[in-house]
Amino acid sequence: MPRQLGDLEDAVMTRVWQWNRPVTVREVLEDLQQERSIAYTTVMTVMDNLHQKGWVRREVDGRAYRYTAVSTRAAYSAALMNEAWSRSDNPAAALVAFFGMMSAEQREALKDAMRIVLPNLHGASELPSDEAADEATRERADEPTDEPTGEATEDPADDADPEAGR
């Protein structure tokens, strides 16, 4: 299971992910030095540690190594979320609380993701319409749970007649 990267590890990996190509310690060092004072040996040690932890692979290029990310930032973020979720004693309540913390932009990203994932879960051949995805979300939200859901939010769509327009 992945551990969260430290601050310097994250700063290094951010560059490796953004550049999306093999990079040297010198390239990362020069970019980091625009933000902070840091030694070559420090960056070299961090990149070696990232290699040891399996976050980057490296290939010899002359007298240096070129480092490449093993996975994407999205995969890293997903693994962290999955690890945190799997540690919960009540995964459904954890998800409800997590969804309640989301910004409007994050909720839109979640809806977009669900449009992609739902057909794969249900074996449908087409992506669901916005209305179908919203209805599925409302149906799951209406399912009873034994856990408190936290602060209630009002959605104007909840007041709409579900049969209207059909």
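Helices here are DSSP runs of H or I with at least four residues, and strands are runs of E with at least two, numbered from the N terminus. The expected span of a helix is 1.5 Å times one less than its number of residues. You are looking at a predicted model, where local features need pLDDT of at least 70, side-chain atom pairs count only at pLDDT 80 or more, and totals for chains, interfaces and linings use all residues. Residues are numbered from 1 along each chain as its sequence is written, and side-chain values use heavy atoms, leaving out hydrogens and water.

**Exercise 1.** Check the span of helix 1 (residues 7-19).

*Solution.* Start with the count: helix 1 has 13 residues. At 1.5 Å a residue, the helix should span 18 Å. Now compare: the end C-alpha atoms are 18 Å apart, which agrees. Just after the helix, Asn20 has a positive phi of about 50°.

**Exercise 2.** Find what the buried residues of helix 1 pack against.

*Solution.* First, pick out the buried residues (under 20% relative accessible area; exposed is over 50%, partly exposed in between, with a 1.4 Å probe and protein chains only). Among them are Val12, Val16 and Trp17. Next, look for contacts (heavy atoms within 4.5 Å). The partners are helices 2, 3 and 4 together with strands 1 and 2.

**Exercise 3.** Describe the ring pair of Phe98 and Phe99.

*Solution.* Rings of Phe, Tyr and Trp (its six-membered ring) pair if their centres lie within 6.5 Å; planes under 30 degrees apart are stacked, over 60 edge-to-face, the rest tilted. The whole structure holds four aromatic pairs. Phe98 and Phe99 lie 6.2 Å centre to centre with 50° between the planes, a tilted pair. Phe98 is partly exposed at 36%, and Phe99 is partly exposed at 35%.
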